[in-house]
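Me: I am new to this structure. Please take a close look at how side chains pair up in it, and walk me through step by step.

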Amino acid sequence: MNTYRSTRHAKFLINYHFVWIPKYRKDFLKDLEVKKTVEETVQELSKAYKFDILALEIMPDHIHLFISALPRYSPSELINVIKGATGRKIGQKFPQYKQKGSVWTRAYFVATAGNVSSETIKKYIENQWKKAEKNG
């Protein structure tokens, strides 16, 4: 997971931790069919954009995605593609979750992580459910 990747002209390790939320913080992500749609769409995008999914956790009202990406894509390009594709699929399959023309808010969180903290971030994402169960 924390190994350097290569292209013809570059050797790199670029990891991004993204978090984004549905419009009005709706909790429709607890719907198993919606979760499955998001997971499948992110898997398809990982092949198309050649990023590795290091961790994906879909909470009832937000999503954590930790990826290892190519240097040719900026974080904003990646999140726009991911949110755009997942939002379109959710809107097509589940129109009741589309709020004022879109599924997601325009906002997102992104942090970079190098080799040292990648495991820490992955564990944090994987422990989201434990944290949620403890608090509520």
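Reply: Start with the rings. W20, F28, F94, Y97 and W104 are linked by ring pairs into a cluster. The model is a predicted one: local features need pLDDT of at least 70, side-chain atom pairs count only at pLDDT 80 or more, and totals for chains, interfaces and linings use all residues. Residues are numbered from 1 along each chain as its sequence is written, and side-chain values use heavy atoms, with hydrogens and water left out.

Two rings of Phe, Tyr or Trp (for Trp, the six-membered ring) form a pair if their centres lie within 6.5 Å; planes under 30 degrees apart are stacked, over 60 edge-to-face, and the rest tilted. Seven aromatic pairs turn up in the structure. Take W20 and W104. Their ring centres are 6.0 Å apart and their planes stand at 85°, so this pair is edge-to-face. W20 sits in strand β3 (residues 15–20), while W104 sits in the loop between α2 (75–93) and β6 (109–113), so the pair ties together parts 84 residues apart in sequence. Helices (H or I, at least four residues) and strands (E, at least two) are DSSP runs, numbered from the N terminus.

Both W20 and W104 are buried. Buried means under 20% relative accessible area, exposed over 50%, and partly exposed in between (1.4 Å probe, protein chains only). Now F94 and Y97. Their ring centres also lie 6.0 Å apart, but the planes are at 40°, so the pair is tilted. F94 is buried, as is Y97.

Next, charges. Side chains of opposite charge can pair when their charged atoms come close. A salt bridge needs a side-chain nitrogen of Lys or Arg within 4 Å of a carboxyl oxygen of Asp or Glu. The count is four salt bridges.

One of them joins D52 and R5, at 3.8 Å from N to O. D52 is in strand β4 (residues 52–58) and R5 in strand β1 (residues 5–6), so the bridge ties together parts 47 residues apart in sequence. D52 is partly exposed at 38% relative accessibility. R5 is buried, at 17%.

Another bridge joins R25 and D61, at 3.0 Å from N to O. R25 is in the loop between β3 and α1 (32–48), D61 is in the loop between β4 and β5 (63–68), and the two are 36 residues apart. R25 is partly exposed at 43%, and D61 is partly exposed at 22%.

E44 and K89 also form a salt bridge, with their closest N and O atoms 3.0 Å apart. E44 belongs to helix α1 and K89 to helix α2, so this pair ties together parts 45 residues apart in sequence. E44 is partly exposed at 45%. K89 is partly exposed at 28%.

K89 has another partner to look at. T41, in helix α1, touches A85, T86 and K89, leaving aside residues up to four places away in sequence. Contact here means heavy atoms within 4.5 Å. T41 is buried, with a relative accessible area of 3%.
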